[in-house]
Amino acid sequence: MVTKPLTKNIDMERGPLDISGYQAVDGYQSIQVIAKGLSPQGALELVKASGLKGRGGAGFPTGLKWSFVPQGDNSPGQKYFVVNADEMEPGTFKDRLLMEGDPHLLIEGVIIGSYAIQASKAYIFLRGEYTVSERALKKAIDEAYEKGYLGSNILGTGFNLDIILHTSAGRYICGEETALLNALEGKRAIPRAKPPFPQVSGLWGKPTIVNNVETICNLPGILIYGVDWYHGLTKGKDHGTKLFGVSGKVNTPGCWELPLGTPIRELLENYAGGMRDGLELKGFLPGGGSTDFMLPEHLDLNLDYDEIARVGSRLATGTMIILDNETCPVGMVGNLMKFFSHESCGFCTPCRDGLPWVDEIFNEFENGCGSEKDLEILHEHVDYLGPGRTFCALAPGATAPLGSGLKYFAEDFHRHIKEKRCPYKH
Amino acid sequence: MTSSELIASSTTRARKLSAEEINEIEHEITLYADKKAVGLEALKIVQKHQGWVSDESLLAISKYLDIPGSDLEGVATFFNLVFRRPVGKNVILLCNSVSCWIMGCDEIKDYIKERLAIDFGETSKDGEFTLLPVPCLGDCDRAPSMMVGENLHRNLTRDKIDEIIQQYRNR
């Protein structure tokens, strides 16, 4: 029985399977399931029943998202399926593995998603720096056309699909789905007002679904092996497996596919090999740069959406960034603030003006000029840039490590002020 | 110069796109519902052939795709990987996001700076290298990381930087 549906074919030493190798291990069997008569509505119901939640960060139920796409004779004829492959969340390196390691799995998933919402065109929005992924996906798409999995009347189903690979040019905000759609339309990637949601009015005003790479890679397994099998994968309350990564000063940083509900301690100690010699765990961001810090006392929690949310953070991308006791927490948060400040699209005022101010204050801390007043301003910005204050989720994302960093590492901030220097620098 | 003169001069300043560039742009146009969507692709195509996007190139694309120059400039300056100034033969994109920072990208940057006498945004005197920061390269388990051109280099150390510089100089 398949226990690692996302990575079962991945062997980075060998390189990705070509289409015949992929077909030999159940590859494209889900398209055969469709060819044997599974309706679009049937596919949607299966995905709904699977309980799959979006793996891009927000954790929204995938089937529910799809169900908002208007169907029937009165709905717009053209619909679009878009793959968010613009992986750029700091500390996140999971979609790269999937695309470089098993590109056909993504293509197969795109066919399923497009079929379920009846989209005849799919765009893969890939970050420009992912040149290895680009080459792997190009080859996989060409092979899929040759074998009749793409193009017109796929396997005699009457369903047509073209996949277009779009490479971007490096902006974090393109990961926000409405900004991504603007970028695909050739505009500056600034987020759009919601509603209308893309499911109703997205790319060129047509119904559009945007899903993350890892989310889509879950789809073939659900169709081939069924919902009961999918429900059997997890150790926790949420369904399926997930890619979990660990970076920072651990012995064996990496990315592994594990059941949801795996204890954090197991990930850190058994897979990442624990902290490097002489170092202690001081804290960690559980799912990329836009999540709240967690502490060593949280290690016995499970990697589950709700469980992580209970301690005020988010599972998000599932790629953990480790803060050790010899790395300055103020410097780490400052690095993140520089990132968010640089990547603000500049459209709404709190984000455009607030984040550079926050970044500047961190520079002052770094240079030994931080004051109590600065600290107060930072605290205020956690509120000013928080959820509901800005146009999109970029600045609220920045407040996650900022607010939790100020709370958990208050002593470190005070030492910077008192000692007029970074106490971690020798 | 009045604004109408400026607009007139900008049209005459547009250079001629090469047949190759036009071919590639035309191919992109077939993939999108609206040819204006191809602006960024066209900028990247021109950059691939010319090394960077000059005013003359930008104006040529603007004319070809019927996108106002100001809109296209808005797109060109928005994206990190569109170069509106000449760059060296090899563009180094050094990741300076959080995991690479923890793993010592600042020291790597200092060393590159020492070796090539360039800071972020600068090109070495011999025109070989341009150094730019890049947001998280998604290679965090092998940090610090950087790209040179289309190639990824990981687990960087001072010795590796020496090797890499040598390797690209010899090309």
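Visitor: Which residue in β8(A) is the bridge partner of F284(A)?
Guide: The partner of F284(A) is I322(A). This is a predicted model, in which local features need pLDDT of at least 70, side-chain atom pairs count only at pLDDT 80 or more, and totals for chains, interfaces and linings use all residues. Residues are numbered from 1 along each chain as its sequence is written; chains are lettered from A and ligands numbered from 1 in the order in which they are written.

Visitor: What makes β7(A) and β8(A) a pair?
Guide: Pairing requires that DSSP finds at least two bridges between two strands (E runs of at least two residues, numbered from the N terminus). β7(A) and β8(A), residues 319–324, have four bridges, in the antiparallel sense, so they qualify.

Visitor: Why is α2(B) called roughly antiparallel to α3(B)?
Guide: The axes (lines fitted to C-alpha atoms over the stretch in contact) of α2(B), residues 19–29, and α3(B), residues 39–50, come within 10 Å and cross at roughly 150°. Angles between N-to-C directions run from 0 to 180 degrees, and those over 145 count as roughly antiparallel, under 35 as roughly parallel, 65 to 115 as roughly perpendicular and the rest as oblique. α2(B) is therefore roughly antiparallel to α3(B).

Visitor: Which residues of α2(B) and α3(B) meet?
Guide: E20(B), E21(B), E24(B), I25(B) and E28(B) in α2(B) meet E41(B), A42(B), I45(B), V46(B) and H49(B) in α3(B), with contact taken as C-beta atoms, placed from the backbone, within 7 Å.

Key:
Contact = placed C-beta atoms within 7 Å.
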